Amino acid sequence: MYSKHYIRLVAQQLLIGRSMSTVSGVPSYSRKVRPVSKMRGWQIHSYGSLDEVQYSESLKMPMLTSPNQLLVKITASSVNPIDVAMIKGYGASVLNTLRCSSQIEFPLTVGRDFCGEIVQKGLGVSSRDLDIGDEVWGVVPVHQQGCHADYVVVERYCLSKKPENLRKIDSSAVLYAGLTAWSGLYITGHLGGVLGAISPVGGGRGKKVLVLGSAGGVGTLAVQILLAEGVEVYATCSSDAVESIQNLGVPYVIDYNDPTHVEKLATAGKFDIILDCAGKGTEYATEVPWKFEQYITFNSPVLKNIDDHGFATGMYQNTMSIVRNNVVSANAQKGLVKWGYFVPAPQGVAYLQKLIEKGKLLPVIEKIFSFEQVLEAYARVEAKHLRGKIVIDYN
Ligand SMILES: NC(=O)c1ccc[n+]([C@@H]2O[C@H](COP(=O)([O-])OP(=O)(O)OC[C@H]3O[C@@H](n4cnc5c(N)ncnc54)[C@H](OP(=O)(O)O)[C@@H]3O)[C@@H](O)[C@H]2O)c1
């Protein structure tokens, strides 16, 4: 009888097309990476506070399970609010359904975007496309094991070669927040017209957009995308961040601690899009007197409602919530109220890469933590009031 371990190794070798003699966790045919069978990583074994997060140097290496996957050795990664939320159990009901039987819930590693080096690839990935040793940047979809560990396995569509003009640290801090901003503006907001999501170029001239929460991870990237597209950008942030947002090139930066800021923005006329990167939610659209064509918030209640009430009741509440807010908005002669989401779309990655290569997009990094300091990095994100991104350097 063959052991399960042996069968898994044979299956893996069939996927990557190598003989059994090379098997040793990470394959020995990688020229640049020392073969190892264990890795460092941060994991939880149950949901709760940050006290649940445990560090280990003997985690099992992730393995390729389909020909279109790649194994990446991570060099840097960022921390996003969803990482801390997932540690506390956010989205567990839906994410477990998405995991199906292919992945187990615990131990769970969080971490959604990264920069790294390819150390192994499936047979379905052509060497002309991506090869071992290539430096890549990528994202991990939310239902898959994350990248706050030395290695991660991802599908081909989730990564590409990193922009040459960007440091590894910076490359690790763009994609989760950047694809959220891009998808909010182009997929949800149709900034580039109806073909915006397919061919997302331009579309900004003559448009006016207000970004709420411009000093955070998503906000700092959203304002740069909008400026690159020639949009007239208005942005809100706290007093201490005003100067840094002005330095990004935003002409109208409004301190939301100023008690007159709501009236000030009301005199700016109608916005084509109000992009809520401050977690204000849908109700806020109807509480303020601002006029808009579209109000897009990334603070969607969808996963939380399903967590709290189950799928049927949760979805019913979600539908009622968005319908109710749109009715109230229409009655106030305002525009559509929508939820925006992170979307791991290759078109979005290509779009962000193009802006970076043109020198029009650069992540704002608040602080870099070492891999040993991951808990401190999570605590910093949990404390909120971020000024750009929190990054982990694995070296
Ligand atoms: N739906 C999705 O798929 C998705 C994906 C990514 C992110 N998100 C959500 O989108 C939001 C932004 O994400 P992020 O990564 O950019 O978070 P972040 O880095 O924590 O940034 C949020 C920023 O908003 C500022 N802020 C808070 N209240 C504000 C207000 N009233 N007006 C203006 N600014 C305010 C915060 O600083 P101060 O408090 O000091 O002002 C901070 O700079 C978060 O709520 C996140 O959970 C959703």
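Where does the shell around the ligand lie, relative to domain 1 (4–172 + 364–393) and domain 2 (177–339)? Color the two ranges separately and you'll see that both give residues to that shell, so the shell lies between them. The domain bounds come from an automatic or database domain assignment.

Before you click further, two bits of housekeeping. Residues are numbered from 1 along each chain as its sequence is written. You're looking at a predicted model, where local features need pLDDT of at least 70 and side-chain atom pairs count only at pLDDT 80 or more, while totals for chains, interfaces and linings use all residues.

**Stop 1: the whole chain**

Show the cartoon. The protein chain has 13 helices and 15 strands; these are DSSP runs numbered from the N terminus, with helices being H or I of at least four residues and strands E of at least two. Of its 395 residues, 46% count as buried. Buried here stands for 20 or more other C-beta atoms within 10 Å of the residue's own, exposed for 12 or fewer, and partly exposed for anything in between, with C-beta atoms placed from the backbone. Now for contacts, which are pairs whose C-beta atoms, placed from the backbone, lie within 7 Å. Taking those with a separation of 6 or more, 67% link residues 24 or more positions apart.

**Stop 2: the ligand**

Select the 26 residues around the ligand; Gly 213, Gly 216, Gly 279, Phe 298 and His 385 come nearest. The cut-off for being near is a C-beta atom, placed from the backbone, within 6 Å of the molecule. Next, highlight α5 (175–188), α6 (217–228) and β9 (232–237), each of which supplies at least two residues of the shell. Of the elements, α6 gives the most, with three residues.

Coloring by class gives 13 nonpolar, twelve polar and one charged residues in the shell. The scheme counts Ala, Val, Leu, Ile, Met, Phe, Trp, Tyr, Cys and Pro as nonpolar, Asp, Glu, Lys and Arg as charged, and the others, Gly among them, as polar.

**Stop 3**

Two packed helices are described by the angle between their axes and the distance between the axes. The axes are lines fitted to C-alpha atoms, for helices over the stretch in contact, and angles run from 0 to 180 degrees between N-to-C directions.

Then jump to α3 (residues 92–99) and α10 (residues 302–309), whose axes come within 7 Å and cross at roughly 95 degrees. These helices are therefore roughly perpendicular to each other too. Here Ala 92, Ser 93 and Val 94 of α3 meet Leu 303, Ile 306 and Asp 307 of α10. By class, that contact comes to four nonpolar, one polar and one charged residues.

**Stop 4**

Zoom in on Phe 106 and Pro 107, joined by a cis peptide bond with omega about -5 degrees. Pro 107 is in the loop between α3 and β4 (113–121).

Now select His 190, in the loop between α5 and β8 (208–212). His 190 isn't a glycine, yet its phi is positive, about 50 degrees. It is partly exposed, with 18 other C-beta atoms within 10 Å.

Lys 384, in the loop between α13 (374–382) and β15 (389–393), also has a positive phi, near 65 degrees. With 10 C-beta neighbours inside 10 Å, Lys 384 counts as exposed.

**Stop 5: two buried residues**

Go back to strand β9 and pick Ala 235. Ala 235 is buried, with 29 other C-beta atoms within 10 Å. Leaving out residues up to four places away in sequence, Ala 235 touches Val 211, Ser 214, Val 223, Ile 245, Val 250 and Val 253.

Finish with Tyr 394, in the segment after β15, which counts as buried with 21 C-beta neighbours inside 10 Å. Draw a C-alpha distance from Tyr 394 to Ala 149: they are 245 residues apart in sequence and 8.8 Å apart in space.

Key:
Angles under 35 degrees count as roughly parallel, over 145 as roughly antiparallel, 65 to 115 as roughly perpendicular and the rest as oblique.
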